[in-house]
Amino acid sequence: MRLAKTRRDFLRASAIMGTGLALSSCVGKSPSTMQQANSPTGDANKFGGEVTATEDLMREHGVLRRALLVYTVAATKLRGNPSALPPDALQKTAKLFKAFGEDYHEKKLEEAYIFPAVMKAGGAAASYPDILVVQHNRGREITDYILALTEGPKLGAVNAGQLASALESFVMMYRNHAAREDTIIFPAWKQTMTGEQLDEMNDKFEDIEHEQFGEDGFEAAVNQISAIEGSLGMSDIAQFTAPSPPKTLETVPG
Ligand SMILES: [Fe+2]
Ligand SMILES: [Fe+2]
């Protein structure tokens, strides 16, 4: 944390000093050369730039949404032919959801920083955190249930229907939950900070991610969910392209 902040402060200072130097030496140079000379160094000069705290939260939701898609496919299989579903795929998905979603994204970021700030700010968004925490806790109960039922090599037929219902209700809850956070909570949280404070939160979230997972927490989570999707035949996105809609009466010839 201290290292990252120090490095970034140094880069900012270098960029400001660099502007003065570049201005005094750009006479007679082409606009593109001037642009290069004025470019700050570090993250801002890297392809893709810096990941902001709100972008970080939303791309974490992307990983969790892919886990929800796995749950949806699993629930369908459980209702049709439970023996066609390897419990291992559900076990791995629930473990990923617990480590990346519940213990990190929800507990270390939302419950520690975002919800308190949104509640303190007041307004319409402040009415959400209480129920969002209830949903986090209910999600944890369901995740533990999924983990318990998928420990063995086979799913019992008795449990299949109940497990499918638990997965479906979890998916419905979390789709609503993450969509409200993306459109109401995160924008409201962003409004509580100046640009400089948001920049500090970018650093803080990056540090928490590194503490929790090492250097590549997000990338590792994406790789894990990709592998789970592969094991269930979900890798090829083309299979999810919707068919053309039926022709309407107006466009049917004759
Ligand atoms: Fe949440
Ligand atoms: Fe969230």
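This short talk walks through a predicted model, from its overall fold to an iron site and the helices around it.

Ground rules come before the structure. Residues count from 1 along each chain as its sequence is written, while chains are lettered from A and ligands numbered from 1 in the order in which they are written. In this predicted model, local features need pLDDT of at least 70, side-chain atom pairs count only at pLDDT 80 or more, and totals for chains, interfaces and linings use all residues; side-chain values use heavy atoms, with hydrogens and water left out.

Now the fold. The protein has 8 helices and 0 strands. Helices (H or I, at least four residues) and strands (E, at least two) are DSSP runs, numbered from the N terminus. Of the 254 residues, 35% are buried. Buried means under 20% relative accessible area, exposed over 50%, partly exposed in between, with a 1.4 Å probe and protein chains only. Take the contacts (heavy atoms within 4.5 Å). Among those with a separation of 6 or more, 81% join residues 24 or more positions apart.

On to the metal. Which residues are the protein donors of the iron ion, ligand 2? They are H61 (NE2), H105 (NE2), E110 (OE) and E181 (OE), at 1.9 to 2.1 Å. Donors are N, O and S atoms within 2.8 Å of the metal (3.2 Å for Na, K and Ca); water is not among the atoms, so sites may look incomplete. Along the sequence, the spacing of the donor residues reads H-x43-H-x4-E-x70-E. E110 also bridges to the iron ion that is ligand 1, and the two ions lie 3.3 Å apart. E110 is buried, at 0% relative accessible area. H105 is buried too, at 0%.

Next, the helix pair. Helix α3 (residues 53–80) packs against helix α4 (residues 87–121) at about 150°, with axes 10 Å apart. Axes are lines fitted to C-alpha atoms, for helices over the stretch in contact, and angles run from 0 to 180 degrees between N-to-C directions. The α3 side of the contact includes H61. The α4 side includes H105 and E110.

Last stop, E106. This residue is in helix α4. Is E106 buried or exposed? Buried, because its relative accessible area is 1%. Beyond its neighbours within four places in sequence, E106 touches G101, E111, H136, R140 and Y174. Its C-alpha atom is 9.7 Å from that of L132, 26 residues away along the chain.
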